[in-house]
Amino acid sequence: MFKVFAFLKRNSELLSHDEYRAGHIGFHCCNSRRLTGIRGYIVNVWANEGLASKIGPGYKDIIINEPTGFNDLWDGFPQVYFDDAASWKKATTIEPTRATENGLSIDPDWTLSDSGFLFDPVDASLKEFKSNHLKMDEEIIIPVNRPERKVTKIIQFFKKHDFIDELDFRNIMLSSYAKKLSNMEGLKGLTLNFRDHDIDSAIKGFYPDTGWHFSKQGNYERSQFASLWDGAFEMYFDNIDAFKAGRMTSSLNETLTALDRKLFSSAWYVEVDENVIIMPNRDPAPDFYYR
Amino acid sequence: MFKAFGFVKRNLSLTHDEYRAAHAGYHNSFGRRLNNIRGYILNVRSNHELSSAYNGSSVLEKITIAEPNNFDDAWDGYGQLNFDSYDDYISARSPSLDRAGKHGLEYDPMVAKVGNDLEYLYSGSPFQFCVDEAVQVPVIRPEKKLFKLAQFVKAPANLSPILFRSYIAGKYCSALSVMPGLRGLVLNMRTPLDVMSGFFKPESEAFTDEGIVRRELFYSTWDGIIEYWFDDASDFFSGRADQSLNPYLAKLESELFTASFFREVDETVAVVPNRNPPVDFYFR
């Protein structure tokens, strides 16, 4: 599937982090969940209490060079799934989804015009907002199975050592690292995502060529953000204690920590609150409207 | 948790598939923003003819008891709403503070009206009722569309509702719960609690004589719904053909049900039910 992470910083002049949550998960998703052809839609918002605080002193032992102020660069990141790049680029061509006196109609009130108030605006006109939309190359290590309760989701961001060849790195991550990680007890789902090196691959044809994203400044800011990490694991647990037990106090700890130092110039964790807007459907799409 | 089902008949200006798009599209987009909602699922009657669509589905004829005539004329889908309490449910239809605007977070009055599309989406009012739920196998959803069944069951007139529920939950569903491939099994008994007043406008069709008759006629055909989730249709049909299980199920069905019939539904998870205590921030 075509998968995109979109890191978004709130409009901090107007909204607190918790207000941003409501605006994004509430009104914004009310519209964006009706993007044409969307096959899955999750919004991850960083948790109000950081992992360093929740885990305690042991946290520093499992991270490497966490970028200072990383969470200041974003408040949430949606992950969206489409069948292919073409579907993604056509997603805002809206289809009829509203019952009216004329039968099924295109919703005349459909809008994403809240974006300038919700996200970090480019300038005072609020016509454009900044974002880091990044195409992800996904490998499912343990399929995610969601219970009817809030799960604990932890993102492990990683950046490879410069001296490791890109292809070798992928092979090691897939054949060795992910396999070891998948042995963590209590793990309910594990997905490995490699960031596409082309930071434009998710936005070419999606945003206008003349917009901020393709400007010199936009390109600079997006490059800076992307340079902080090469990929991310999505990990699902019942709770933080399960993560601690699986990652930090198990016999795997020594092996994983050694591998981290061998492979990564930086690696760190962020807990996110996962809002499932559309349950991803990895099977072929049915021949009727389905979310 | 407080749980309500609402059965709806589409507006006749819409085909069944157009109704799907409007319900799963526009309407659910507002419904999922209801204040304090803890779970929201839409089940649309499948386009498949269950008795012939799948390998092994001919078994359906053998396990169906007294299916009412023209049952599907009364509904196209049913929604499920979860709240922490009845009070939360009744107060859910109020403007929601969840829209970013020039003054920060602002109220959206359209949530109080759930998109204000009811008259164009439905024929008449929903048949909305509170259910007494028994989770027999907790639902676990993978990242794909599951095969979901609703089994409508009706109790014998001489069996008390309490015993009926107890026997279904304790014997029948326990036996079902070992079926291979089962990803969830939930028993829902319809209760007489009035959850329409205060939720729908007093002038709604639900409160007219005709509306009451229409609803009571529908309710007269069943008392409870057993929901099944499977990876695949074949899991259900092979399970129901398994001779180590089915003689016992058939015996219970003949004793417990005056009617028992099945429908496949396509499930939209608009808000994953969260059965844990609520968090102190906006979460869906």
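Predicted model: local features only at pLDDT ≥ 70, side-chain atom pairs only at ≥ 80, totals over all residues.

Colleague: Which element gives the most to the side of chain B that touches chain A?

Modeller: Across the interface of the two chains the rule finds 4 salt bridges, along with 22 residue pairs in polar contact. On chain B, the elements giving two or more residues are α1 (16–31), β4 (96–101), β5 (104–108), α4 (118–121) and β10. The one that gives the most, with 11 residues, is α1(B).

Colleague: And how much area do chain B and chain A bury between them?

Modeller: Chain B puts 54 residues into the contact and chain A puts in 49. Carbon and sulfur atoms account for 59% of the buried area, which comes to about 4,600 Å².

Colleague: B:Arg284 is buried yet has no salt bridge. What is the nearest side chain of opposite charge, and how far away is it?

Modeller: B:Arg284 sits in the segment after β10 (259–271) of chain B. Its contacts come from both chains, including A:Ile25, A:Glu274, B:Arg33 and B:Asn36. A polar atom of its side chain does lie 2.9 Å from the backbone oxygen of B:Leu34. The nearest side chain of opposite charge, though, is B:Asp98, at 6.0 Å.

Colleague: Over to helix α6 of chain A (216–226): how wide is the arc its buried residues fall within?

Modeller: The buried ones are A:Gly218, A:Arg222, A:Phe225 and A:Ala226. They line one face of the helix, because seen down the axis of α6(A) they fall within an arc of 95°.

Colleague: Which residues are exposed on the face of α6(B) turned away from its buried side?

Modeller: In α6 of chain B (209–219), the buried residues are B:Gly211, B:Arg215, B:Phe218 and B:Tyr219. They cover an arc of only 100° around the axis, so they end up on the same side of α6(B). What covers them includes β1 (2–8), β6 (127–137) and β8 (182–190) of chain B. The face turned away carries the exposed B:Asp209, B:Glu210, B:Val213 and B:Leu217.

Methods:
Residues numbered from 1 in each chain as written. Chains lettered and ligands numbered in written order. Heavy atoms only, no water. Buried < 20%, exposed > 50% of the residue type's maximum accessible area, 1.4 Å probe, protein only. Helix = DSSP H or I, 4+ residues; strand = E, 2+ residues; numbered from the N terminus. Arc of directions from axis to C-beta. Lys, Arg positive; Asp, Glu negative; His and termini not counted. Polar contact = N/O pair within 3.5 Å; in protein donor to acceptor, adjacent residues only side chain to side chain. Contact = heavy atoms within 4.5 Å. Buried area = accessible area lost by both parts, 1.4 Å probe. Lists of a residue's contacts leave out its neighbours within four places in sequence.
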